[in-house]
Number of protein chains: 2
Amino acid sequence: MRGALIYAPGDIRFEPLDDPRILNPTDAVIRTAVTCVCGSDLWPYRGVEPTEEPHPMGHEYVGFVEEVGSEVTSVRPGQFVIGSFATSDNTCANCRNGFQSNCLHREFMSTCQADHVRIPNAQGTLVATDGIPGEELWPSLLAVSDVMGTGWWAAEAAEVKRGSTAVVVGDGAVGLCAVIAAREMGAERIIAMSRHESRQRLAREFGATDIVAERGEEGVERIKELTGGIGADSVLECVGTGEAMRQALRSTRPGGNVGFVGVPHDVAVDGQELFFSHVGLRGGPAPVRRYLPDLIGLVQSGRIDPGKVFDLTLPLDEVAEGYRAMDERRAIKALLKP
Amino acid sequence: MRGALIYAPGDIRFEPLDDPRILNPTDAVIRTAVTCVCGSDLWPYRGVEPTEEPHPMGHEYVGFVEEVGSEVTSVRPGQFVIGSFATSDNTCANCRNGFQSNCLHREFMSTCQADHVRIPNAQGTLVATDGIPGEELWPSLLAVSDVMGTGWWAAEAAEVKRGSTAVVVGDGAVGLCAVIAAREMGAERIIAMSRHESRQRLAREFGATDIVAERGEEGVERIKELTGGIGADSVLECVGTGEAMRQALRSTRPGGNVGFVGVPHDVAVDGQELFFSHVGLRGGPAPVRRYLPDLIGLVQSGRIDPGKVFDLTLPLDEVAEGYRAMDERRAIKALLKP
């Protein structure tokens, strides 16, 4: 098979690799239907995270089951399946508590920008669709495996409620999907923070009622103006920088909630500021597995269409161009077709 | 009248002061029934917080209304009243959201270790009891004005639920009251972290099912052993130091919650650690005003008896000895009688 490897910052190569095979009786091997490049893949691409030696990339996938290990009974060869970027047995204490992305047997996926992928913990990780979905649904189903699930988690962690006001910090694919989630959870007002016209347009299409282009303290002031001076009920922080976190915390009303879903880089939260703010804070890798059945249903019924975040489609062997386009912000998110 | 002033670390004096009077139409003046020394009063007493110039002390009070301003209709002279350490109009947006301790017109009380006290925002702050309660209830009603209300908030912020496991970090008066709150909210297992025998005994009396004497990483390990390896559902952080916060966060299961109610001193929360923990974090000054009617009812019905945290009673003019006894941990909390 062939797949993407990173050799160094800016250096993505598409190369022949050993075919994946069943290593454990809990594994499955899938043939990739579509895969993609994630905003978080840009951390090593930009050198913010070090690359010690060449390694495969990619953690988003939908595909066809080719082979399953002897302990896998929940899916079978030929089925179209979706799984989370974090695998889970779906039976441990953390999984039963609904935090499958903190499964005691979790393995993070990292080899998915390839035409075939081994899935550990397949029994608890993969969910099959009813029948084989039409190709037009593949991008949205792929989005469910990470960015849509992560946007959903941002809204859940920020405790978005019917009739409430939600702010989304970050206009990447996750932030845009977070707008969808806030709308589905009934937020009456959804303020998307974005200064890029094409992303503003998509945010509005997904349900944003207001756009705020200001950032930092100016952005906070603008949110306060829009929320009776006290801040928003829920703020969905979908970036992962210290500035975005500060902006999120200061945009939230006393007693409101921040859900933060971008992996934090150099973020420290001041205890005294958090204390006097009365803001609740929860984040982490999204427990996508818990949402999969519902989100797959929402996509298959046509209720949500998160696949619109893919504004660039490339053959898988041009994966390096996908990274370049996202790095240069020419694309929100690049879809890759084997 | 007479009241306590702090002149410098370790220097508390009881001195004649101007009588308090109605300054604003929203004020009331009360004659103190009982007051007390708070754990947080020890921060300036120990020099951790600076004392620039002599100023009054004390923020906990119950008493008899002597006079009310022209806009105060909710209480009247002669009534026995309880209020929060943070005053509130109880009508602003933050109050309506249930965060009266973040009232847009909040003033923190700071002159209560005195025989008379002016209460700003009296209309929204003071709650009168049904009739004049017997003196035996005064300590518990006084506890409601801060430590019991704060313990309740710790349990609410940590989202204690029926049948859950709660850990209380800190065995001061607030921590002990937090045990009461966790019990009332239905926690099935309540683990109090304490290494002092008299406090352990009171914690058990209040409802603790387990005592853990270890601290820091050892304490975390012990909690993990007691909770199936994953940590507790809710951890109530009632100290306010960086070590206590770390211990609390690491003792919580993925998806669990930390409520932190000790004013943080030099506490910074690492964003990445919080992210991967999946722990929810909320703190702040307790919205005591919201709880007052319920907690007064629980005290008056004999259901809870938080006044037991007062293990030293002194005449008000010996207030300095109250500070000394608490500083030297000879007393959990000192009650002061005018």
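**Symmetry and contact of the two chains**

Modeller: In this predicted model, chain B is superposed on chain A by a rotation of 180° with 0.0 Å of shift along its axis, at an RMSD of 0.0 Å.

Colleague: As by what kind of axis are the two copies related?

Modeller: The superposition takes a rotation of 180° and a shift of 0.0 Å along the axis. The two copies are therefore related as by a two-fold rotation axis.

Colleague: What percentage of the contact residues of chain B recur in chain A?

Modeller: Chain A and chain B each bring 39 residues to the contact. The same surface serves both copies, and the share of chain B contact residues that recur in chain A is 100%.

Colleague: Which three residues supply more of the area that chain B buries against chain A than any other three?

Modeller: The area buried between the two chains is about 3200 Å², with 60% of it given by carbon and sulfur atoms. Of the part that chain B buries against chain A, 23% comes from three residues, more than from any other three: B:Phe275, B:His278 and B:Arg282.

Colleague: How many residue pairs are in polar contact between chain B and chain A?

Modeller: Salt bridges between chain B and chain A number zero. For polar contacts, with both residues at pLDDT 80 or more, the count of residue pairs is 22.

Colleague: How many charged residues does the side of chain B that touches chain A have?

Modeller: Elements giving two or more residues to this side of chain B include helix 2 (93-96), strand 13 (252-260) and helix 10 (271-277). By class, this side has 20 nonpolar residues and 15 polar ones, and its charged residues number four.

**Strand pairing**

Colleague: Which residue is the bridge partner of A:Val269 in strand 14 of chain B?

Modeller: Strand 14 of chain A, residues 268-270, pairs with strand 14 of chain B in the antiparallel sense over three bridges. Within strand 14 of chain B, the partner of A:Val269 is B:Val269.

Colleague: In the open sheet of three strands in chain B, which are the edge strands?

Modeller: The strands of this sheet follow the order 2-1-4, with antiparallel pairing. Two of them pair on one side only, and these edge strands of chain B are strand 2 (11-16) and strand 4 (55-56).

Colleague: Which residue of strand 4 of chain B is the bridge partner of B:Ile6?

Modeller: Strand 1 of chain B, residues 2-8, and strand 4 of chain B are antiparallel and share two bridges. In strand 4, B:Ile6 has as its bridge partner B:His55.

Methods:
Residues numbered from 1 in each chain as written. Chains lettered and ligands numbered in written order. Predicted model: local features only at pLDDT ≥ 70, side-chain atom pairs only at ≥ 80, totals over all residues. Heavy atoms only, no water. Contact = heavy atoms within 4.5 Å. Buried area = accessible area lost by both parts, 1.4 Å probe. Salt bridge = Lys/Arg side-chain N within 4 Å of Asp/Glu carboxyl O. Polar contact = N/O pair within 3.5 Å; in protein donor to acceptor, adjacent residues only side chain to side chain. Helix = DSSP H or I, 4+ residues; strand = E, 2+ residues; numbered from the N terminus. Nonpolar A, V, L, I, M, F, W, Y, C, P; charged D, E, K, R; others polar. Pairing = 2+ DSSP bridges. Least-squares fit on C-alpha atoms with pLDDT ≥ 70 in both.
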